[in-house]
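Have the sequence and the structure open while you read.

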Amino acid sequence: MASLFQKKYTAANDYPNFDGHKSLLSQHLTKDLYIKLRDVQTESGFTLDRVIQNGVDNADFHLGILAGDEQTYEVFKELLDPIIQDYHNGFKPTDNHVTDMDLSKLKGGQLSEKYVISSRIRTGRNIRGFALAPFICRAERREVENIAQRALDKFSGDLKGKYYSLQTLSEGDKQQLIDDHFLFERPISRHFTSGGMARDFPDGRGIWHTTDKRFLVWVNEEDQLRIISMRKGGDMRATFELFCQGLNQFQANMAEEGKEFMRNDHLGFILTCPSNLGTGVRCSVHARFPLLASDKRYNLDQICKALRLQKRGTSGEFTEAVGGVYDISNLDRLGSTEVQQVQCVIDGVNKLSDMEQLLEKGEKIDHLLPPMCEPAPENTNTNNSSRSPKAKKTSVCIAL
């Protein structure tokens, strides 16, 4: 409950005002369901009002819900399952998620570096037995940091690295992490603040990376662990290989202490935001597609969605593209495996590269378009691709 006095009032009088809201939360949380679930709580004490606070505060959010512990997805499944089904491409409450990180199943993986600037694969993980970011207490957060540090300290060889506590970070180390684009700072977005994920910063937070800076772990940001493999250029196969190696080693090191990640057969790996359930994987590239993006005959957003890809700006969500550089990643996380999601990005980015190459030659790309992506009539093309200036080479940091 929000407070011990809440039970003085009926649940009907507590029902949120969703006027002007467009979130999946506002579509699925009826007054009857709210009345049924308001006074229910998980073993840790997480309540329905805490689940929905993010969406109640922000009318423009698409989802509007966050989990406070592993049990959230079971206790409040009457609300969460339909939202998850809507968000994750029809993934039903009876479906089970499958994990597969077998590198040998990946086809290709060397993307054209004429277009691809950098490659990255990241995922989130949470340790069983602790609350999630919206509800975790200071002592829990510090213990998560300790567990992570001990697991990371066991890495050796190419995976050997260094941990930086954000609470004791020296000015020199801070500047280096800023220069490397590795540092995450006090969260100020509405997603974090409404969700209660910015509390106590920087207590219990930290960053670890290998000596070659290709493998990185964030501790206690949105999820307890964010695990990232990245490199310059288009070698997505090597990026995935390092991702699997590092993630598996971390899990093995942690298991020596009897610790394991939150996971179940239905939803896969349990993460704070339901948008990341399943693999939690975001496989992405920074790539230049200036002609495809600017040619009025074609809709890059629509093409990406048809290829099950997501297009963001150069520095991530809600940012603009700089120099025709976009962040392109997999759209699906739940209901398909890690290998399938990485393969989707490889195949999709190869197709986008082929389209860009044809536009550079002044040729049409209609035969490469996915179904439902018909080109606009010729007379609407106010920016003829054959006369479009070449994109300037742009220095771009890897958005984490």
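Let's start with β3 and β4, which pair in the antiparallel sense over four bridges. Strands here are DSSP runs of E of at least two residues, and helices are runs of H or I of at least four, numbered from the N terminus; two strands pair if DSSP finds at least two bridges between them. W208 has V217 in β4 as its bridge partner. The hairpin joining β3 and β4 has four residues between the strands, and K213 takes a positive phi near 65° there.

On to β5: β4 pairs with β5, again in the antiparallel sense, over five bridges, and V219 sits opposite L225 in β5. Five residues lie between the strands in this hairpin, where N220 has a positive phi near 65°.

How buried is β4? Five of its five residues are buried, so β4 is largely enclosed by the rest of the structure. (Buried means under 20% relative accessible area with a 1.4 Å probe, protein chains only.) F215, V217 and V219 are on one side, L216 and W218 on the other, and both faces are covered.

## The whole sheet

Zooming out, the open sheet has eight strands in the order β2-β3-β4-β5-β1-β8-β10-β9, with antiparallel pairing. β2 (161–165) and β9 (309–312) stand at the edges with a single partner strand each, so one side of each has no neighbour in the sheet. At the β9 end, β9 pairs with β10 (325–330) over four antiparallel bridges, and S329 in β10 is the bridge partner of Q310.

## Two helices on the sheet

Helix α7 (138–153) lies across β2, β3, β4 and β5, at about 160° to β2. Helix α10 (236–255) lies across β1, β4, β5 and β8, at about 20° to β1. Axes are lines fitted to C-alpha atoms, for helices over the stretch in contact, and angles run from 0 to 180 degrees between N-to-C directions.

The two helices pack at about 115° with their axes 9 Å apart, and α7 and α10 are therefore roughly perpendicular (65 to 115 degrees). I147, A148, A151 and L152 of α7 make the contact with F250, N253 and M254 of α10, contact being heavy atoms within 4.5 Å.

Buried residues of α10 include F240, F243, L247 and F250, and their cover includes β1, α7 and α13 (338–360).

## About the model

This is a predicted model: local features need pLDDT of at least 70, side-chain atom pairs count only at pLDDT 80 or more, and totals for chains, interfaces and linings use all residues. Residues are numbered from 1 along each chain as its sequence is written, and side-chain values use heavy atoms, leaving out hydrogens and water.

Definitions and conventions
Buried < 20%, exposed > 50% of the residue type's maximum accessible area, 1.4 Å probe, protein only. Parallel < 35°, antiparallel > 145°, perpendicular 65-115°, else oblique.
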